[in-house]
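Dear colleague,

Please find below the structure that I am handing over to you. My notes on its contents follow directly after it.

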Amino acid sequence: MNRRNDRAGLVPEEAPGGIRMTSLTQTEGNESAHEPLSRQLERLLRGRSEQPLTANGLLAATGGRGGWLVMVLLALPFVAWVSVPGLSTVAGPMIAILALRMSSGRVPRLPARLGERPLHPRTRQAILTGGLRVCRWIEKVIRPRRTRWIRRPWARRFHGWLIAFLAMLMALPLPSPPFFGSNTLPSYAIILLAFSLMEEDGWMIWAAYLMSVVAIGYFVALGGLVLWHLSEWMDLLLRLLWWAG
């Protein structure tokens, strides 16, 4: 009896009615589901150092929170105020597609053109160096403080569209100098939203909303500044044309 149980990968577990057998794979799966996100990301990134790392590969390798995990993974390279040039134009649409699919209740997966594309080694290094530190800091304060409204369909759709909008702002091809924060502010909002929704933290999500307002306000102010300068230049050009005529 004991040999059969060992071969089957079963372990005894005490229960009110006696002893029942639990699968080792089931136990390991439960432990993986509660594994800290930073540790899970580091294990996946370091464990696949010799293999090409793709977003769809990560979605397949992770459990039910794989969509949130990949969103965090794609946003982590931008937590530094100076990020890898050109990377946001790829990562932003990927996050937006995942967010919209999850908002409609569909399986989180990316089109092959994006999802099967290997992540650049510099992206992996940026995540392992600075990105994971941000994850560990957030994990210290975030907890499963469940609120029913987060799980409602309207809330799921709202959060999906909000993350998609922030991801497209992050994807704008604005160079870090002089536009510092154009990638960083949306990335922080996306990371906080993904963490809060994954852990169902009804308190932390208000910090995510605040960060979202800051990020959107930054782009509104930036757009207003650009329009003001354009109007000044147009006024100067019209004056020069008038004097020349």
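**Charged pairs**

Glu 116 has a relative accessibility of 40% and therefore counts as partly exposed. Please bear in mind throughout that this is a predicted model. The side chain of Glu 116 forms a salt bridge with that of Arg 109, at 3.5 Å from N to O. Arg 109 is likewise partly exposed, at 43% relative accessibility.

Searching the whole structure gives three salt bridges.

Glu 200 counts as buried because its relative accessibility is 13%, under the 20% limit. Arg 151, in contrast, is partly exposed, with a relative accessible area of 45%.

A further bridge links the side chains of Asp 235 and Arg 239 at 3.3 Å, N to O. Both residues belong to helix H11 and stand four residues apart, which is about one turn of the helix. Asp 235 is partly exposed, at 34% relative accessible area, and Arg 239 is also partly exposed, at 48% relative accessibility.

In soluble globular proteins, nonpolar side chains tend to be buried together. The largest nonpolar core in this model comprises 60 residues, and Ile 95 and Ile 163 have the most contacts inside it. Two or more residues of this core come from each of helix H3 (37-47), helix H4 (55-61), helix H5 (66-75), helix H6 (88-103), H8, H9, H10 and H11. H10 supplies the largest share, with 10 residues.

Which residues does Ile 163 contact, leaving aside its neighbours within four places in sequence? They are Trp 68, Met 71, Ile 95, Ala 99, Ile 190, Leu 193 and Leu 197.

**Nonpolar surface patch**

On the surface, a nonpolar patch is formed by Val 226, Leu 227, Leu 230 and Trp 233, which together have about 430 Å² of accessible area. Val 226 is located in helix H11 (residues 204-244). Its relative accessible area is 41%, so Val 226 is partly exposed.

With kind regards

Methods: Residues numbered from 1 in each chain as written. Predicted model: local features only at pLDDT ≥ 70, side-chain atom pairs only at ≥ 80, totals over all residues. Heavy atoms only, no water. Patch = residues over 30% accessible without salt bridge, like charges linked within 9 Å, V, L, I, M, F, W, Y side chains within 5 Å. Areas by Shrake-Rupley, 256 points an atom, 1.4 Å probe, with all protein chains shown as cover. Salt bridge = Lys/Arg side-chain N within 4 Å of Asp/Glu carboxyl O. Buried < 20%, exposed > 50% of the residue type's maximum accessible area, 1.4 Å probe, protein only. Core = buried A, V, L, I, M, F, W, Y, C linked by side-chain atoms within 4.5 Å. Contact = heavy atoms within 4.5 Å.
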